[in-house]
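Subject: Structure for your review

Dear colleague,

Please find below the structure that I am handing over to you. My notes on what was found in it follow directly after.

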Amino acid sequence: METVKWATQWMGRHKWKLIVSIILNVFGVVLMTYEPYIFKDIVDDVLAPMHFEKLTPMLLWALAVGVLFVTVRYFVNVLAEQASQEAVRNLKSALFHKLMGQTSEFYRKNTGGDLINRCSGDVEMIARFIGWILPHAVESLFMLTFAMVVFMSINWKYTLILLAVTPFTAIVARKLSKVVRPAFREARQQLSALNTVVQENISGNRVVKAFVREDYEMDKFQKENQKYKNLNIRATYLWLKYGPIIESLSSLLTVINLTVGGILVCTGSITLGELTLFLGLSWALNEPMNMVGMIVNSYQRFLASVEKIQDLYYSNVSIVSPEVDKSPEKVKGAIDFEDVSLNYGSTKVLENINLHIKPGETVGIMGPTGSGKTSLINLIARFTDVSQGKVLVDGVDVRDYNLQKLRGSIGMTMQDVFLFSDTLESNIAYGVPDAPMEVVEQAAKAADVSSFVKDMAEGYDTIIGERGTGLSGGQKQRISLARALAVHAPILILDDTTSAVDMETESYIQEQLRALPTQATTIIIAQRVSSVMHADKIVILDQGRITEMGTHRELMQNENGYYYKTCVLQHGGLQEGGDA
């Protein structure tokens, strides 16, 4: 019941629709059980005594009851469906909000296919529960109750004989519920695995084609698909094992009804009209017995889905805004790392980092792959929290900032460029959707996007494919840079932004960045010396530690240093004075 209560709470203020639907459903059951009474009276009061003058009004009355019943059922279905869809809408919004607040660590542990399945297929099971399972369960319960009341009022011995089958049905249904639930849980988990394979192949289709791995991916999909099929068949076999027993018990009830009822009519214990009533209402016993298997089957699917949804909904969000926002009114851009260390489980990523960056200063960060460069800048925006020490922005610990204000003060380009399936203008103005066109064009010019926009037939209204399909790596990087520049944030973080552009374009972009009217505190992560050599300060990371720090000229004095060796390697020699 706790699970049912949790699922139905998502209807919110529309819960009254489900309540009214249930009340109407009960009224509909009353109409269904009343209609056989009319035919009982027709047999006893019209056909037996041959009073046919009463037949027409009684048939019209039966027709009116039937029309009213159909009308009631219409509103029962409409209201239940509206309530279920409202619950689905609210729950999907809540789950999406939960996903938006999760950290990168959460997405490393959970596959995209599984999360999508929880927010779609599993949520739809709640809609089925509210719109179908719950109404049918209520209907079956009241149908059985009203039928028993009617039967007992006519002949209690006859009723007890008919109910002799019911305990066996209950035992079989209980056994079915115990064995089928784990089977459905496994099937839902396998569906998540199958969706993950599909999602990865859609996202990485170019890699698959580049390495001619289509056959391999097809085989992998077929294996996961076959597992899903086998689990569903297993769950179906469990239903087929017990379902026929329930249906047989239901059929047995009809045989008992006809046999016992015929004997009672012959002995004069009941009238022919009362037998007609019993036969007419026998479905009120048969239907719940037939439905119990389907209801249990669907209910176990519902419970398996709710378990997966609750795992997501109640998952811990480790990075949240503080209760008291201590951030300054205006962020200037000073950044300090004080004894910062970062661990991912048992893996040490950063160790004892101390770094001071002044407002408006440009800092370059270089180092071998896996040295912790991206992890370092992720701490500034609180994509990850420090394991030890603290990161300060304008003298305030980033953990004391409102998250939206902190991240809104940072313009950032990611190492893995992501573009949305939208217009070029919308992608650039993503952080400032109400930005005027001149702001978009200025950012595009600074990032050298304008050089290739003019060749597009629809200019800034050109629709970019998913993840930037159809654009080169350099073009995507420049759009990403323009998006970061458009927000005019006091802190600008550029993570490997120009690695895919040519040297001439990179030089142009650097000139444009230096010419910006308001100089932001800029942090540049790069592998090219040319990207950072004009920075006010260059930091070299190696195995999570700062091994070198200084200007270009200062670092070039250390011939054994990483920076010096990288410069010589990239440029093939040195000019007099240590310049590449």
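Helices (H or I, at least four residues) and strands (E, at least two) are taken here as DSSP runs, numbered from the N terminus. Axes are lines fitted to C-alpha atoms, for helices over the stretch in contact, and angles run from 0 to 180 degrees between N-to-C directions. The model is a predicted one: local features need pLDDT of at least 70 and side-chain atom pairs count only at pLDDT 80 or more, whereas totals for chains, interfaces and linings use all residues. Residues are numbered from 1 along each chain as its sequence is written, and side-chain values use heavy atoms, with hydrogens and water left out.

The pairing of α2 and α5

Two packed helices are described by the angle between their axes and the distance between the axes. For helix α2 (residues 15-47) and helix α5 (residues 112-154), the axes come within 9 Å and cross at roughly 35 degrees. Contact here means heavy atoms within 4.5 Å. On the α2 side, the residues that meet α5 are Leu 18, Ile 22, Asn 25, Val 26, Val 29, Val 30, Met 32, Thr 33 and Tyr 37. Their counterparts in α5 are Ile 130, Leu 134, Pro 135, Val 138, Glu 139, Phe 142, Met 143, Phe 146, Val 150 and Ser 153. By class, this contact has 15 nonpolar, 3 polar and 1 charged residues (Ala, Val, Leu, Ile, Met, Phe, Trp, Tyr, Cys and Pro count as nonpolar, Asp, Glu, Lys and Arg as charged, and the others, Gly among them, as polar).

Phe 302 in α10

Phe 302 is found in helix α10 (residues 272-313). Phe 302 is buried, with a relative accessible area of 0%; buried means under 20% relative accessible area, exposed over 50%, and partly exposed in between, with a 1.4 Å probe and protein chains only. Not counting residues up to four places away in sequence, Phe 302 touches Thr 3, Val 4, Ala 7, Met 125, Ile 126, Phe 129 and Ile 133. From Phe 302 to Ile 377 there are 75 residues in sequence and 43 Å in space, C-alpha to C-alpha.

Helix α11 (residues 373-380) holds Asn 378. This helix is mostly covered, with 7 of its 8 residues buried: Lys 373, Ser 375, Leu 376, Ile 377, Asn 378, Leu 379 and Ile 380. Asn 378 itself has a relative accessible area of 15%, and beyond its neighbours within four places in sequence it is in contact with Phe 383 and Thr 384.

Arg 382 lies in the loop between α11 and β4. Its phi is near 60 degrees, a positive value in a residue other than glycine, and at 4% relative accessibility Arg 382 counts as buried. Val 386 lies in the loop between α11 and β4 (388-393) and is buried, at 14% relative accessible area. Leaving aside neighbours within four places in sequence, Val 386 is in contact with Val 340, Ser 341, Leu 342, Leu 379, Val 391 and Arg 399. Val 386 and Tyr 562 are 176 residues apart in sequence and 26 Å apart in space, C-alpha to C-alpha.

In helix α14 (residues 437-446), the buried residues include Val 439, Val 440, Ala 443, Ala 444 and Ala 446. They lie on the same side of α14, because they cover an arc of only 165 degrees around the axis, the arc being that of the directions from the helix axis to the C-beta atoms. Their cover includes α13 (424-428), α15 (450-453), α16 (473-486) and α17 (503-514). Asp 448, in the loop between α14 and α15, has a positive phi of about 60 degrees although it is not a glycine, and Asp 448 is buried at 11% relative accessible area.

A nonpolar core is a set of buried Ala, Val, Leu, Ile, Met, Phe, Trp, Tyr and Cys residues joined through side-chain atoms within 4.5 Å. The largest has 41 residues, of which Leu 424, Ile 428, Val 449, Ile 479, Leu 485 and Tyr 563 touch the most other members. Helix α16 gives the most to this core, with 6 residues. A second, separate core of 32 residues includes Val 363, Val 386, Tyr 401 and Leu 406.

With kind regards
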